[in-house]
Amino acid sequence: MTKEELRGKGISLDEARKEYGELEDFYKRNKGDTIWWTSPVGTIGVILFSFDKKTLFNLYPDVPDNLSDEQLRVFCRENKWWVEHFSYIKAAAVKRGVI
């Protein structure tokens, strides 16, 4: 599969549980956000998120390349800190015309 074909795919909740084990409860960082956050219980450094609580993305390997344009647009809108502090996210978003 090409990079473009992988965009927006993520992994299913079941696959995430098989790979990472038990997950923390989903939560939103801000009221009105679209993105749900979680992480494996008892781990440090694995940050997972979802747009629908069914398909999960791993923050570091999946952002920005494995997000669809719309998903990247939402991610950038709701997570300005990540965008500003990780220049490769911002560069990809600008290149793809989502910000």
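1. Which residues are exposed on the other side of α6? They are Ser87 and Lys95, where exposed means over 50% relative accessible area, buried under 20%, and partly exposed in between (1.4 Å probe, protein chains only). Please keep in mind that this is a predicted model, in which local features need pLDDT of at least 70, side-chain atom pairs count only at pLDDT 80 or more, and totals for chains, interfaces and linings use all residues. Residues are numbered from 1 along each chain as its sequence is written, and side-chain values use heavy atoms, with hydrogens and water left out.

2. Ile89, Ala92 and Ala93 are the buried residues of α6. They sit on the same side of the helix because their arc around the axis is only 100°, taken from the directions from the helix axis to the C-beta atoms.

3. These buried residues pack against α4 and α5 (80-85); contact here means heavy atoms within 4.5 Å. On the α4 side, Leu72, Phe75 and Cys76 meet Ile89, Ala92 and Ala93 of α6. By class, the contact of α4 with α6 has six nonpolar residues, no polar and no charged ones.

4. As for geometry, α4 (residues 69-78) and α6 (residues 87-95) pack at an angle of about 130°, with axes 11 Å apart. That angle makes α4 oblique to α6, since angles under 35 degrees count as roughly parallel, over 145 as roughly antiparallel, 65 to 115 as roughly perpendicular and the rest as oblique.

Terms used: Axes are lines fitted to C-alpha atoms, for helices over the stretch in contact, and angles run from 0 to 180 degrees between N-to-C directions. Helices (H or I, at least four residues) and strands (E, at least two) are DSSP runs, numbered from the N terminus. Ala, Val, Leu, Ile, Met, Phe, Trp, Tyr, Cys and Pro count as nonpolar, Asp, Glu, Lys and Arg as charged, and the others, Gly among them, as polar.
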